[in-house]
Amino acid sequence: MVTLKDVAKRAGVGLATASRVIRESGSVSVETAERVRAAIVDLQYRPSSIGRAMARRSLDALGIFVPDYADTDVRCILEAASREARVANRIMFVTGSRSDGPVGPEAIAAVQELLDRDCDGILVVAQNLEESDLGKIASMFEKVVFIDRPFAGNPDAAFHVAHQIGGRLAAEHLWSFGHRHFAFVTDSLLVWSNAAKLEGFRAEIFGRGAARESIEVFESAPSYQGGCESAIRILETGFGGTAVFCSDDSMAAGVAAGLRIGGVSVPDEISVVGYGDSYAARYCSPPLTTVAVPAAEVAQQAVRSLLRRCYGIQCVTEREFSPCLVRRESSSSTKSDRGS
């Protein structure tokens, strides 16, 4: 096995000089550096990553906690974060929840695991976490950032989508088509992003003069099946409205299917709007009108923030991102409420 000592001997320099050339630090003449690099090529020397890490006391590694590998946005975040780390020649350790219990303790345990692996910085996908959970994690480690949730304790450490704007966009779209009575389907209003979507939706609808009872809330499992079951419940309650807004595309696709099973045409009788612009939105029948979110961009900026804080890599970062509405065939105009 070729060692740094062999390289130094071939180049006719001291061990410290060869090391400075490889690390690109310190003062070395151009001629000497060229001899060392030529020796590296001739001997096919590969520097030890472990040795470099020990010398710098850094593994050049970031860590990320994700609550649910199956979630479409989480997969997008994970892919974008990993790609951004690779561009900067850093590796990324990934860990996720290990049980179906509360996410807060799982996230805290995962952060400790990443710290034990000597990660230089840590990203936490925090969509299901409480403010108190974020506070505990922030107290464990300074170089941590949160994705998909604001953090009052340190706004500069949080990167997220302005979901209130997403809710407003959905409401504005449906209102413009004449809809006045709505259902909102979500898996849990305890999740910050879901509550923010409903907050924005309500603000837009009520701001246009609609009564509070014009929006009915239904909770379901965050899945296609959950949405389908919600549609059946909506019809069983005698829902007289003409539009359903869902906090997730999978649920929205399920709602559209459940309405069809119940004999209701989408969008002729009830319009359906999803959230996320996932594959479920693009390829279900009919294709879903939805609110697209820049999840990859959020992750990219969060990683860049850590690269700057951990390694001094200079880059401009943004922290809040706006969604946009994507209109497809699942929404259309209506003349009156179905119950009228």
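Analyst: Strands β6 (residues 182-186) and β8 (residues 243-246) run parallel and are joined by four bridges. Within this pair, V185 has C246 of β8 as its bridge partner. The model is a predicted one, in which local features need pLDDT of at least 70, side-chain atom pairs count only at pLDDT 80 or more, and totals for chains, interfaces and linings use all residues. Residues are numbered from 1 along each chain as its sequence is written, and side-chain values use heavy atoms, with hydrogens and water left out.

Both strands belong to an open sheet of six strands, ordered β7-β6-β8-β9-β10-β12, with mixed pairing. Two strands count as paired if DSSP finds at least two bridges between them; strands (E, at least two residues) and helices (H or I, at least four) are DSSP runs numbered from the N terminus. At the edges stand β7 (215-219) and β12 (324-326); each has a single partner strand, so one side of each is left without a neighbour in the sheet. From one strand to the next, the twist averages 20°.

Helices also lie across this sheet. Helix α8 (residues 163-176) lies across β6, β8, β9 (271-276), β10 (289-292) and β12, and runs at about 160° to β9. Helix α10 (residues 224-236) lies across β6, β7 and β8, at about 135° to β7. Here contact means heavy atoms within 4.5 Å; axes are lines fitted to C-alpha atoms, for helices over the stretch in contact, and angles run from 0 to 180 degrees between N-to-C directions.
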